[in-house]
Amino acid sequence: MAEAKMGADIKHVLEIYIRATPEQVWQAMMDGDTMEKYFFGQRLDTTGEPGSTMYFTGPDGKKNPSGEVIECDPPRRLVSTFAPQAEAPNSRPSRLTWEITPAGESTKLTLIHDQLDPADPMSQQFRNGWVLFFSALKTYIETGEPLKVDVSK
């Protein structure tokens, strides 16, 4: 995991290797029913079509728009805007680039979260959320069980 500053913006780069095929990683990321099982009851709802809205739906059923799909090339690449209204209603939209690369019997998953505003305190906090997401995704794909963690600590 790295963090770099580009110009005035902040950029987070996270990488992880998962013992799975790119197709399995893509399915776990893009299928709302699957995500709900490993990401603490939250799900992603999107068609994946460029221009379509991406929604995160919480365990309470509230559907929060979180961005718009810019590019979708299953199972290799997804680019979208990111504007999490529930967590940061005043944050400007940023960009998420997900890259899924075969790595032998595993898959390398890279997330580049850029165009983050350095004046927005949420820009730093997003990194912690992505680390939790990566951990939950990897655990679920490799074990079939959700990650059990106390996020309050």
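These legends describe close-up views of aromatic rings in a predicted model.

**View 1. Aromatic pairs and the ring cluster.** Ten aromatic pairs turn up in a search of the whole structure. A cluster linked by ring pairs consists of Tyr38, Phe39, Phe40, Phe82, Trp98, Phe126, Trp130, Phe133, Phe134 and Tyr140. A pair of aromatic rings is described by the distance of the centres and the angle of the planes.

**View 2. The pair Trp98 and Trp130.** Among the ten aromatic pairs is that of Trp98 and Trp130, whose ring centres are 5.4 Å apart and whose planes stand at 80°, so the pair is edge-to-face. Trp98 belongs to strand β7 (residues 94-103) and Trp130 to helix α3 (residues 122-143), so this pair ties together parts 32 residues apart in sequence. Trp98 and Trp130 are both buried.

**View 3. The pair Trp98 and Phe133.** Trp98 also forms an edge-to-face aromatic pair with Phe133, at 5.7 Å centre to centre and with 65° between the planes. Because Trp98 lies in strand β7 and Phe133 in helix α3, the pair ties together parts that are 35 residues apart in sequence. The relative accessible area of Trp98 is 6%, and that of Phe133 is 3%. Buried means under 20% relative accessible area, so Trp98 counts as buried, and so does Phe133.

**View 4. A charge over the ring of Tyr55.** The charged end of Lys63 sits over the Tyr55 ring. The distance from this charged end to the centre of the ring is 4.5 Å.

Conventions
Residues numbered from 1 in each chain as written. Predicted model: local features only at pLDDT ≥ 70, side-chain atom pairs only at ≥ 80, totals over all residues. Heavy atoms only, no water. Phe/Tyr/Trp six-rings, centres within 6.5 Å; stacked < 30°, edge-to-face > 60°. Helix = DSSP H or I, 4+ residues; strand = E, 2+ residues; numbered from the N terminus. Buried < 20%, exposed > 50% of the residue type's maximum accessible area, 1.4 Å probe, protein only. Lys NZ or Arg CZ within 6 Å of the ring centre and 35° of its normal.
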